[in-house]
Amino acid sequence: MTQTTLQFYNTLSRQLMPFDSIGPLRVGLYACGPTVYDYAHVGNLRTYLFVDTLKRVLQLNGYQVNHVMNITDVGHLVSDGDSGEDKMEKGARIQHKSAWEIATFFESAFLADLERLNILKPSITCRATEHIQEQISFIQSLEEKGYTYQTSDGIYFDTEKLPDYGKLARLDKQGLLAGIRVDMAEKRHPTDFALWKFSGGQKRQMEWQSPWGIGFPGWHIECSAMAEKYLGETFDIHIGGEDHIPVHHTNEIAQCQAKNGKVQANYWMHGYFLNINNEKISKSGVSLRLESLIEHGYEPLAYRYLTLTSHYRSHLSFSWEGLAGAQKTLRRLRDKITSLPAGGNIDSQFKAEFLGYINRDLNMPQALALVWKVIESEIEPADKKSTLLYFDQIFGLDLGKVVRVTIPDEVQRLAEQRQSLKQQGRYDEADSIRDQILAYGYQVNDSADRLYTITPR
Ligand SMILES: Nc1ncnc2c1ncn2[C@@H]1O[C@H](COP(=O)(O)OP(=O)(O)OP(=O)(O)O)[C@@H](O)[C@H]1O
Ligand SMILES: [Zn+2]
């Protein structure tokens, strides 16, 4: 336990609030997972890095975190207004595969990205398609309580029945009605949303029997049903990207309030977008995968470092220069760490300052700046190392795993020679030097901006 009070910004109250868990030193945390119709982009991954940072901060404060993450493998429609195709069926059609195949493929690719970024695994990862019965039961409860109505294409939640609908987003229902731009179809109100959609005349790849007819669940119901199954009717923290505030999380709050008469989660936290050229990175627009960063010679952990340089509640603008800077700084930090002796103690003053930053709504930029203050401080070198490794429990940069390797002078000389040959366009000669280096038991890894590293094979 720490002396510093934990405080988080709660989107529900629009305030920084002291964190108070339901169970002593236990936290139920639900993070909305990916829709697995395509590769995750680095924007999506920024949100999962934010979740990971929060989890690490809770753990460092002595909490046991029950972290649940769903996999949306059905029901997320192209439009948040409940129209358009299901993203999975559309993805399958474009990629000439079955919806089931792409779900499995992109889920694995996503989990591999999380691992490369050193993101701690959720306690439970649950798929929407494996919880259809729970979703049907949830809708039945809503139906019994009079919150639903049927149209020709599905079962809808009647948002007019909840006086405080939209409180998370502070939605202006009257304003919404006046400036209606939502595809209403047979909906009674623009904010009403689908709980169950009928397959209609078409045969879908993913469809199930239900008391209302063959079809598939809406996107919002999956998270509410699975969160309740694994974390109970009210749990501590519900988290996601900022785009979840006006629709997805608003609707989750509504359906849980209607079913259980309780708030679904006490704290609602939202990570802001990663942008490129002032535009949200998105699968349908400008996208960028972690794999592309690696192909450009950057390490996934350099991207992790980059995300730590901005607060989760501010937009981060991606640039290759920014990433190159993060990569360089990470290398410099590793060099420092490996040059410090082991066996020291965590400096209590720096520890207190660090906890002050991370516990006040995850102020990572200030926590990161403290790293360099520690390095330049007058404290014992071994204490510096212990203090930095203590910080790394939150940063997740694997600084404790860095080992110092002494590269023989001859190998160093050959690597420089190869680099110069490459710059002159003499690639065959450069390749033969690479082979000589390999014969010494080392390999050269080409990296961004004409940088290279030498590692044992
Ligand atoms: N540019 C972004 N920056 C940060 N987080 C993002 C960004 N785009 C989406 N997210 C978040 O990523 C998580 C996973 O979202 P999901 O897989 O449903 O992608 P998505 O919202 O369909 O993405 P896209 O809008 O690119 O299609 C959500 O919490 C979402 O809020
Ligand atoms: Zn969700």
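Which backbone N or O atom lies 2.9 Å from a nitrogen atom of ligand 1? The one in leucine 274. That counts as a polar contact, meaning a pair of N or O atoms within 3.5 Å.

Some ground rules. This is a predicted model, where local features need pLDDT of at least 70, side-chain atom pairs count only at pLDDT 80 or more, and totals for chains, interfaces and linings use all residues. Residues are numbered from 1 along each chain as its sequence is written, ligands from 1 in the order in which they are written, and side-chain values use heavy atoms, without hydrogens and water.

Back to the ligand. Asparagine 44 has an N or O atom 3.0 Å from an oxygen of ligand 1. For tyrosine 37 the distance is 3.1 Å. Alone, ligand 1 exposes 590 Å², and the protein buries 95% of that (Shrake-Rupley, 1.4 Å probe).

Now the shell. There are 21 residues around ligand 1, each with a heavy atom within 4 Å of it. His41, Thr47, Asp243, Lys280 and Lys283 come nearest. Helix α1 (a DSSP run of H or I, at least four residues) spans 42–60. The largest share of the shell, 4 residues, is from α1.

Next, the core. The largest nonpolar core has 124 residues. Here that means buried Ala, Val, Leu, Ile, Met, Phe, Trp, Tyr and Cys joined through side-chain atoms within 4.5 Å, with buried being under 20% relative accessible area. Leu58, Ile237, Tyr303, Phe391 and Phe395 touch the most other members. Again α1 gives the largest share, 9 residues.

Note on methods
A polar contact is a pair of N or O atoms within 3.5 Å; within protein, one must be able to donate a hydrogen and the other to accept it, and residues adjacent in sequence count only if both atoms are side-chain atoms. Helices (H or I, at least four residues) and strands (E, at least two) are DSSP runs, numbered from the N terminus. Buried means under 20% relative accessible area, exposed over 50%, partly exposed in between (1.4 Å probe, protein chains only).
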